[in-house]
Amino acid sequence: MKIFVLLISLFWACISFSQTNFKITGTLISEQDQTPLESATVYLETLKDSSLVTYTITDKSGKFSIEDRAYTDKLRLIISLIGFETYKKEIFIDKSEIVLGTIPIPNANFLDEVVIKSKSPIIIKKDTLEFNVASFKTKKDANVEDLLKELPGVEVDDDGKITINGKEVNKILVNGKPFFGDDPTITTRNLTKEIIEKVQITDTKTKAEGFTGEAGDSDNKTINLTIKEENNKGVFGRLAAGAGTDKRYEYAGMFNLFDNEQRISVLAGGNNINSTGFSFGEIRKMFGGGNSVSWNSNGSFTIDGRSFGGGEGITRSQNYGVNYADQLSKKIDISVDYFNSSSHSDNATSTQRENILPDRRYFTNSTSNSQSDTDNHSVNLGFDVEIDSTFLINVNPSFRYSNTSTQFSREEASRDASNVLTNQSSTSSLVENSGKNFSNEMQVTKKFGAKGAFVRFELNNDINSTESEDFLNSETNIFGDSPSDIIRNQFSDSERGNTNFRAGFTYRLPLIAKKWFLDFKYNFENEKRENIESTFDFDDVSQTYSIFNFDLSTNFINKNIRNTPSAQVVYNTEKMNFSFGSGYGFRTLENSDELRPDLSLKRNFEFIEFDANFNYRFSPKMSLYFDYDYDNTAPNISQLQPFQNVSDPLNTITGNPDLKPSVEHRAYLGFNKYDFQKGTGFYIYANGNLTNDQVVSKTTVDEDFVRNTTYANVDGGYQSYIGGSYSKDFKIDTLQTVKVRAGMNTSFNKSINFNNDVQYASKTNSMTPNLSVTYTWKKLFEIRPNYRLSFTNTKYDLEDFEDQTFLRHSLGIRTTTFVPKKFEWRNDINFTYNPNVAAGFQKSSWFWNSTLAYSILNDKGSITLKVYDLLNQNTNAQRTATQNYIQDSQSTVLEQYFMLSFSWKFNSLGSKGESNDREMHFF
C-alpha cells in the first residue's frame, strides 16, 4: 500500500513539475474607429494538432484574460469576431504573466466567408450564441445530451429538461427543422455528438416571427443542431437489446438516412422497465425517466402523449416512428413524422388521508388496483412556403388517434376520530375509450417596405371526438343515524366532442423604421363542447343494461365565444425590446341542456386585458426580463350550470350560476448572467399571481362524511415564487476541473377556501436549497455529489386547524470511472428521508443503480451489465398536504433487476464513410 501511495505521489509531482502556469491579458479595439470590441472569442490551441487549450470572451471594454497550465512552451493565440479579420499569433509560454497590450483588429472584407471558416469555440452574433462542437470534449460514445452538459451555462436534469442560464429550452431543431415532433429527448438522447458541427442557441421564435424580425419569447430558448457538411450525406444509426432477471427486457433501434436537405429517420423500441425505449443501452439512460401514469377516482386512465411509465406502476411499452424532412424547392420546406406508442400498465396504490374540518377530523383509507392498455398514433406535418422575400405561408396540421382500455378497482372506508366506521365503498369498472383529434395551425404573413411593416392572418382549429363505454359496479354503505346502501350496476355510453376555432389578425405600423411600432390586433375564438352520456342500470329480468338512469345521464352543448380587439406599442433594438398593450374582450358562455331545459343558461362578460414586457440585454452574457399581465377568466360551464352531478355517491357537485369572472394580476422578473472569463453564472427570478373573485370549491360535509360541493368567488389569494442558482467552474489544470452549483427556490402562497361552509385562509411557505459539486479528472473518473432539502410550512387562520410542517431530505452521488481502457463504470446512488410520513409507510430508502460497460468492435459496440436498485429499497412513499387534508400514499414501483445488454452503432456519413470529429488532446 505504501509503495502504491508513493508511486501516485511521484506521478502527481511529475505532472505538476512539467506544467507551466500562465496568464495572458490584452485589450481588443477596432482598427478602423479605435472602439473596444466586446464579445470577441479569444482562444489558445496547440501548434502540433490545433487542439483547444482554453478560451474566453472579451468584456464590454474589449479586455480579456486567459489563465491556465500548459505542458508546452509555445501556443497559438486566435481571436475571432464576426465582421473582423481573424487574428493569430504564436505565444511563448516563458513567464507566468504575458501582457499583450492593445490589439487593433481590422474589419473583414467577406463576412460570410469569415463566419463559415471560423473554428472559434464560441461565436456571439446578435441574438445567437453558437458553440463549435469540436472544441468540447466528451466521452467517445456521447450523444447530444452529453454534449449539452459540457457547454457553459447549460444544465440538463434527469428527465432531459434543458435550461440555459435559468431559461428553459422548449424547442430543438436539426438543421432548422423539427425532429420527431416536440419531444426534445428523442433528439438529445438519440443523435450522437460525432455528426453535429454547431450548437446554436436563440430566443424561441415562430417561423413567422423570424421572418418579420420580431422579438421572440425571451423567457424560452431554442437549440438548433447543425450537421457537419461532410456528414450530411449517408446513413447512421444504432441497434441495442438487453435481457435481465425477473423477465426484464428492452430493445431499441434507430436508422437515419441523410441526403443533404432530405432526411429520413426510423426508430423503434420496447421494454418493460418504465423507459421510453430509445436509450440504446446507454449507461444511465437505461434506467427510465418517463412521465408518471396517473389514475382518476372513477377508474379512467390518463397518459401524457409519449409517457410510458415512471414513478407509479410498471409499464410494458412498444413504440416506433418515422420522420421525413426535405426541401422540395428553394421556396418550399416540408417535414412530417408518424409516431405510434402502445403500452400495458399495472399499478396498485395505498393511501391514508386525514380530512380536516373546522370542528372535527375524519380519516379515509383506500386501496386501488388498475390495469390499462393504450395504443396511440400521431402524425405531424409542417409546410413552409416562401412565395417571395416578403410573403410566407406556414401550415402545421396534426392528427391523433388513441384507444385505451382500463380495469380499475378501489376499496375505501372513512372513520371518525373515535375510529367508528361512518361510510365505505367498493368500486370496479371497465372503461374503453377511443379518441380522434385533428388540429391545424396556419399563418400567412406579408411584409411591406423596409421599415418593418407587415400584416398577418392566423387560422387555428382543434377538433376532438371521444367515444367511451364504461361498465361500473359499485356499492356504497353510509352508516350513522340515517343509514343507506347505494348499489350500482351500470353501463354508460358517451360521446364527447370539442371543436375550437381561433382566428387572428395583426397589422404592424412602423412609427420609426425598425424601432418603434404600433400593432393593431383582433382575435376571435369559438369553442363548442358536446357531451352526450347515456347511463343504463342493469335489468335483472331481461339481464341487460336497459333501464335508463336520468340522474346519471347528460346531453348538453357548451359554447364559449370570445372577441378581443387590442392595440400594442412595440420597441425593438439589439439591446432592448419592450411592449405594452391593452384590449377589450367580449365573451359569451352558453349552455343548452337537452335533458334538463330549465338548466340552460347564457351569460355575457366584458373585460379589460393589459400586458407589458421588457427585455434588456446588457451584453450577450447578461440580460434582464420583466413581464406583467392583467387578465380576466370566466368560469367554465360545469362551474356555472346548476346541474347536480351525483356520479360519486359520497360527493354531489352542483354548479353556481351567480359566479363572476376571476381577475388575475401576473408579474415575472428574471435576471441572468454568465461570465465566460471567470466561469461563473447565475440567474434569479421572482414571479407572483394575485387573484380576485377566484373560483374555488365550497364543500359541506354531513355527519356521515358525505360531501356536497358547489363553487364560490373569493378574494385575496396569491402565489409568489423567488429563486435562483449560482454556478462556478474551477479549472485545476488541463486534466482536472470542479463545477459547483448552488440553488434556492422559495414560494409564498395564500389560499382562500371553504371547509364545511366556513371560509378560511391558509399560508404556505416553502424553501428548497440545493447544492451539487462535480469533480472531473479527464479520462479517469468523475464524481458528482448533490443534496436537496425541502421544507414546507402551512399556517391556518382557524384555531381548530393545526399548522403543518414537512421536511424531505434528498442526498445523491454519481460516479463514473473510465479505467481500465475500454471500460466505463457508472453508479447513481440516492438517499431519501421523509420523517413526516405516517406509520406503515417507508420513511427512508437508498436507491442505487450501477452499470458496467465494455467497448468492443473498435468502439462501435458495447456490452453492458447493469443493476437497477442494487439495495432493493426503491419506494415512492410521499406526503401531500392541502388546505383540507393531509395524505400519505404509496404505489407500485419497479424493483431490483439485473440486465445484460448489447449495443452496436453504424455510420457511413462523410466522403470516407466515417465521422471526422476532431479529438481534443491533452498536452
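Biologist: What is the N to O distance in the salt bridge where the side chains of Asp-384 and Lys-207 meet?

Modeller: This is a predicted model, in which local features need pLDDT of at least 70 and side-chain atom pairs count only at pLDDT 80 or more, whereas totals for chains, interfaces and linings use all residues. Residues are numbered from 1 along each chain as its sequence is written, and side-chain values use heavy atoms, with hydrogens and water left out. With a salt bridge defined as a side-chain nitrogen of Lys or Arg within 4 Å of a carboxyl oxygen of Asp or Glu, the side chains of Asp-384 and Lys-207 meet at an N to O distance of 2.3 Å.

Biologist: How many residues apart in sequence are the parts that Asp-384 and Lys-207 tie together?

Modeller: The salt bridge joins the side chains of Asp-384 and Lys-207. Asp-384 lies in strand S23 and Lys-207 in helix H5 (residues 207-212), so the parts tied together are separated in sequence by 177 residues; helices (H or I, at least four residues) and strands (E, at least two) are DSSP runs numbered from the N terminus. Asp-384 is buried at a relative accessible area of 11%, while Lys-207 is partly exposed at 43%, where buried means under 20%, exposed over 50% and partly exposed in between (1.4 Å probe, protein chains only).

Biologist: Where does Asp-693, the salt-bridge partner of Lys-660, lie?

Modeller: The side chains of Lys-660 and Asp-693 meet in a salt bridge with an N to O distance of 3.6 Å. The pair links distant parts of the chain, 33 residues apart, with Lys-660 in the loop between strand S35 (651-654) and strand S36 (662-675). Lys-660 is partly exposed at 43% relative accessibility, but Asp-693 is buried at 18%. Asp-693 lies in the loop between strand S37 (680-692) and strand S38 (694-701).

Biologist: Are Arg-814 and Asp-828 buried or exposed?

Modeller: Arg-814 forms a salt bridge with Asp-828, and their closest N and O atoms are 3.3 Å apart. Arg-814 belongs to strand S44 (residues 804-817) and Asp-828 to strand S45 (residues 823-833), so that the pair links distant parts of the chain, 14 residues apart. Both Arg-814 and Asp-828 are buried.

Biologist: How many bridges join S22 to S23?

Modeller: Strands pair if DSSP finds at least two bridges between them, and S22 (residues 332-356) is joined to S21 (residues 314-329) in the antiparallel sense by 15 bridges. The strands S22 and S23 (residues 361-388) run antiparallel, and the bridges joining them number 25.

Biologist: In S49, which residue is the bridge partner of Gln-352?

Modeller: S22 and strand S49 (residues 885-891) pair in the antiparallel sense over seven bridges. In S49, the bridge partner of Gln-352 is Asp-888.

Biologist: Which strand holds Glu-469 of the negative patch?

Modeller: Glu-432, Glu-467, Glu-469, Asp-493 and Glu-495 gather in a patch of negative charge on the surface. At least two patch residues come from each of strand S26 (453-478) and strand S27 (484-512). Glu-469, partly exposed at 36% relative accessibility, is found in strand S26.

Definitions and conventions. Patch = residues over 30% accessible without salt bridge, like charges linked within 9 Å, V, L, I, M, F, W, Y side chains within 5 Å. Areas by Shrake-Rupley, 256 points an atom, 1.4 Å probe, with all protein chains shown as cover. Lys, Arg positive; Asp, Glu negative; His and termini not counted. Charge placed at Lys NZ, Arg CZ, Asp CG, Glu CD.
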